[in-house]
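Colleague: Please pick one part of this model and take me through it closely. What is it built from, and what surrounds it?

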Amino acid sequence: MGAKLLIIDDDPDLCAMFQKIFQEEGHFVLTATRAEEGVVKARHEQPDLIFLDLKMPTMDGITCLKRL
């Protein structure tokens, strides 16, 4: 079984692209297009790996990382 991944990026097309790629490799992929949503999903789902965009509106990636 693959890893549980979380992709946090404000670009929904980029999230969908990575989701497709990683799912084809057998991973379970969650996405969030807002940092706040990503923090909630990370706390609830406990992913093995998080891909985090640094430049996002409302909360940047560094602040999001500190909350994680």
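Modeller: Some terms first. A residue is buried under 20% relative accessible area, exposed over 50% and partly exposed in between, using a 1.4 Å probe and protein chains only. This is a predicted model: local features need pLDDT of at least 70, side-chain atom pairs count only at pLDDT 80 or more, and totals for chains, interfaces and linings use all residues. Residues are numbered from 1 along each chain as its sequence is written, and side-chain values use heavy atoms, with hydrogens and water left out.

Helices (H or I, at least four residues) and strands (E, at least two) are DSSP runs, numbered from the N terminus.

Ala-35, Gly-38, Val-39 and Ala-42 are the buried residues of α2. They sit on the same side of the helix because they cover an arc of only 100° around the axis, taken from the directions from the axis to the C-beta atoms. The cover over them includes β1, β2, β3 (49-52) and α3 (61-67). Val-39 shows part of this packing. Beyond neighbours within four places in sequence, Val-39 is in contact (heavy atoms within 4.5 Å) with Cys-64, Arg-67 and Leu-68.

Ala-35, Val-39 and Ala-42 also belong to the largest nonpolar core, which has 10 residues. Such a core is a set of buried Ala, Val, Leu, Ile, Met, Phe, Trp, Tyr and Cys residues joined through side-chain atoms within 4.5 Å. α2 gives the most, with 3. In soluble globular proteins, nonpolar side chains tend to be buried together.

Val-40 and His-44 are exposed, on the face turned away from the buried side of α2.

Then the charges. A salt bridge puts a side-chain nitrogen of Lys or Arg within 4 Å of a carboxyl oxygen of Asp or Glu. The model has 4 by this rule. Lys-41 pairs with Glu-37 at 3.3 Å, N to O. The two are 4 residues apart in α2, about one turn of the helix. Lys-41 is partly exposed at 25% relative accessibility, and Glu-37 is partly exposed, also with 25%.

Glu-45 reaches Lys-4 instead, with the closest N and O atoms 3.5 Å apart. That bridge joins helix α2 to strand β1, across 41 residues of chain. Glu-45 is partly exposed at 24%; Lys-4 is partly exposed at 24%.
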